[in-house]
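My entries follow in the order in which I made them.

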Amino acid sequence: MNKQKSEKLWTKNFIIIIIINFFVFLNHLMILSTFPFFISYLGYSDSMSGACAAIFSLIAVLSRPFIGWMLDNGKRKQILLVGLCGMVLMPMGYIFIYTTLVSIGLVILLRMAHGCSLACSNTSTSTIATDIIPKSRFSEGMGMFGMATALATACAPTIGETLMNISFELLFVVATVIMVISLVLFSLLKTPKIEITKKPLKVKNLIDKNALPASFVVLIFLLTYGSLENYILKFASEEAAITISGGLYFTVMAIMLLLTRIFIGKVADQKGEAIFVYSCNAFMLVALILLAFIPNNITFLLSAVLSGYAFGGLEPSLQAMAVSIAPLERRGAANSTFLCAYDIGIGIGGGIAGVLIDILGYHYMFGILSIANIISIIAYIIFGKNHPSSLTLRIKQQNQESI
């Protein structure tokens with residue numbers, strides 16, 4: 001306990017990497033949440049916007065293992081710089097499409113490049129964060145680091161919607177500017193020196209097998225979150241029973257996310273991830289059922305509260321599980337494995353949601369995707385609960401040994 005109190009968590013570099021991570025996801029999610037509207041502006045359907053979401057995630061997934069390998073070969077800051085530069089340039093490409101050349105082919109190419117840039121950026125920020133966080137405060141530190149992602153996830157769609165309603169050009173300009181600020185912060189960042197044994201490029205070095213249980217569980221969970229992230233704004237604008245702004249959903253979610261993240265790290269350090277796997281999946285299930293069967297202003301906001309806790313609790317606790325037993329030289333692979341699952345879940349979730357909306361409508365889409373929460377719990381019980389990476393399992397074993 002004394003050691004945990006004595007090790008400093010909030011250092012200058014930890015704060016900088018949190019802010020950079022926030023801007024990375026702000027850029028990404030401002031555009032992601034408004035992209036269905038942009039695709040509609042170009043004259044295409046929800047299925048096409050879902051396909052763009054899936055392609056974006058596919059490229060991120062394919063590139064992450066190689067990014068993890070490069071990170072584990074010591075190229076932490078170099079990869080982050082590449083990612084940040086890419087995320088500066090992509091919104092400028094969208095401006096070109098908006099103002100000069102309407103081309104769905106060019107949109108797809110830019111989304112692919114944007115997906116790769118995101119993979120470079122947030123895989124490296126996560127890895128650098130795990131290098132900086134003291135071991136005794138690891139889950140707490142990951143929870144605080146995850147607050148940046150959570151806050152961006154919650155407020156970016158509202159900001160994006162507000163800017164989009166003025167013009168898509170302004171939206172893309174702001175997305176560019178915040179990444180320029182990230183580059184300035186990057187110049188001030190100092191990372192710990194880590195002794196690295198360079199590894200050849202082999203398949204076994206690209207994926208961290210100990211991160212797979214947590215990654216699989218979060219992948220299934222994020223199928224549901226992908227539907228919210230991609231389509232909640234359009235759902236609110238088209239659902240007659242909802243008369244409030246769709247952006248308010250993310251504002252309420254932001255408050256719940258922040259409250260959850262403030263306390264989650266210490267709870268995860270004491271109890272492990274199991275409590276969050278069960279409760280967060282249950283809360284997300286109810287959140288989607290409310291949207292599917294009884295949508296109105298009150299249930300819309302209640303769904304935001306429930307989904308805010310669900311995402312705010314599950315994602316950082318499972319990421320801590322995924323990297324908890326990875327040595328320093330394998331943290332890049334562990335983080336890339338987990339974030340691959342993150343991308344796959346949100347990408348496939350968005351793609352499935354788009355198809356279901358076109359065929360069955362929003363209500364059936366939310367109802368069908370809620371089944372994934374039940375599957376996520378089952379996956380944890382089968383693959384994660386008794387795996388060596390489980391923080392809950394190790395805490396139980398330590399408690400038994402101390403008796």
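**Entry 1: methionine 112**

I looked up methionine 112 and found that it counts as partly exposed, because its relative accessibility is 30%; buried means under 20% relative accessible area, exposed over 50%, and partly exposed in between, with a 1.4 Å probe and protein chains only. I note here that this is a predicted model, in which local features need pLDDT of at least 70 and side-chain atom pairs count only at pLDDT 80 or more, while totals for chains, interfaces and linings use all residues. I also note that residues are numbered from 1 along each chain as its sequence is written, and that side-chain values use heavy atoms, with hydrogens and water left out.

I placed methionine 112 in helix α5, where helices (H or I, at least four residues) and strands (E, at least two) are DSSP runs numbered from the N terminus. Leaving aside neighbours within four places in sequence, I found methionine 112 in contact with Ile55 and Ile59, contact meaning heavy atoms within 4.5 Å. Between methionine 112 and isoleucine 55 I read a C-alpha to C-alpha distance of 6.6 Å, although they are 57 residues apart in sequence.

**Entry 2: threonine 123**

I stayed in helix α5, which covers residues 104–132 and also holds threonine 123. Threonine 123 counts as buried, because its relative accessibility is 0%. Its side chain is joined to that of arginine 64 by a polar contact of 2.5 Å; such a contact is a pair of N or O atoms within 3.5 Å, and within protein one must be able to donate a hydrogen and the other to accept it, while residues adjacent in sequence count only if both atoms are side-chain atoms. Not counting residues up to four places away in sequence, I listed Arg64, Ile67, Leu71, Leu118, Gly332, Ser336 and Leu339 as the residues that threonine 123 touches.

Is aspartate 46 buried or exposed? I found that aspartate 46 counts as buried, because its relative accessibility is 10%, and I placed it in helix α3. Apart from neighbours within four places in sequence, aspartate 46 is in contact with Tyr231, Lys234, Gly354, Ile357, Asp358 and Tyr362.

Valine 173, in helix α7 (residues 168–186), is partly exposed, with a relative accessible area of 37%. I read 7.8 Å between the C-alpha atoms of valine 173 and isoleucine 95, which are 78 residues apart along the chain.

**Entry 3: the cavities**

Rolling a probe the size of a water molecule over the atoms shows where empty space is left. I found three cavities of 30 Å³ or more; a cavity is a set of points on a 1 Å grid over the protein atoms alone where a 1.4 Å probe fits but cannot get out, and lining residues have an atom within 4 Å of a point.

The largest cavity holds about 100 Å³ of space, and its lining includes Phe25, Leu32, Leu118, Glu229 and Tyr342. By class, I noted eight nonpolar, two polar and two charged residues in this lining. Helix α2 gives the most to it, with four residues. Leucine 32, in helix α2, counts as buried at 4% relative accessibility; setting aside neighbours within four places in sequence, leucine 32 is in contact with Arg111, Glu229 and Asn230.

The second largest cavity has a volume of about 70 Å³, and among the residues that line it are Asn21, Phe25, Asn122, Leu339 and Tyr342. I noted four nonpolar, five polar and one charged residue in the lining of the second largest cavity.

**Entry 4: the nonpolar cores**

I took a nonpolar core as a set of buried Ala, Val, Leu, Ile, Met, Phe, Trp, Tyr and Cys residues joined through side-chain atoms within 4.5 Å. The largest has 121 residues, and Phe14, Ile17, Val107, Leu228, Ile232, Leu318 and Phe366 have the most contacts inside it. Helix α2 gives the most to this core, with 19 residues. Apart from this core lies another, of six residues, among them Ala60, Ile67, Leu71 and Ile79.

Key. On a 1 Å grid over the protein atoms alone, a cavity is a set of points where a 1.4 Å probe fits but cannot get out, and a pocket is an open set with protein on both sides within 12 Å along at least five of seven lines; lining residues have an atom within 4 Å of a point. Grid points are joined across faces, edges and corners, and a volume is the space filled by probe spheres set on the points. Ala, Val, Leu, Ile, Met, Phe, Trp, Tyr, Cys and Pro count as nonpolar, Asp, Glu, Lys and Arg as charged, and the others, Gly among them, as polar.
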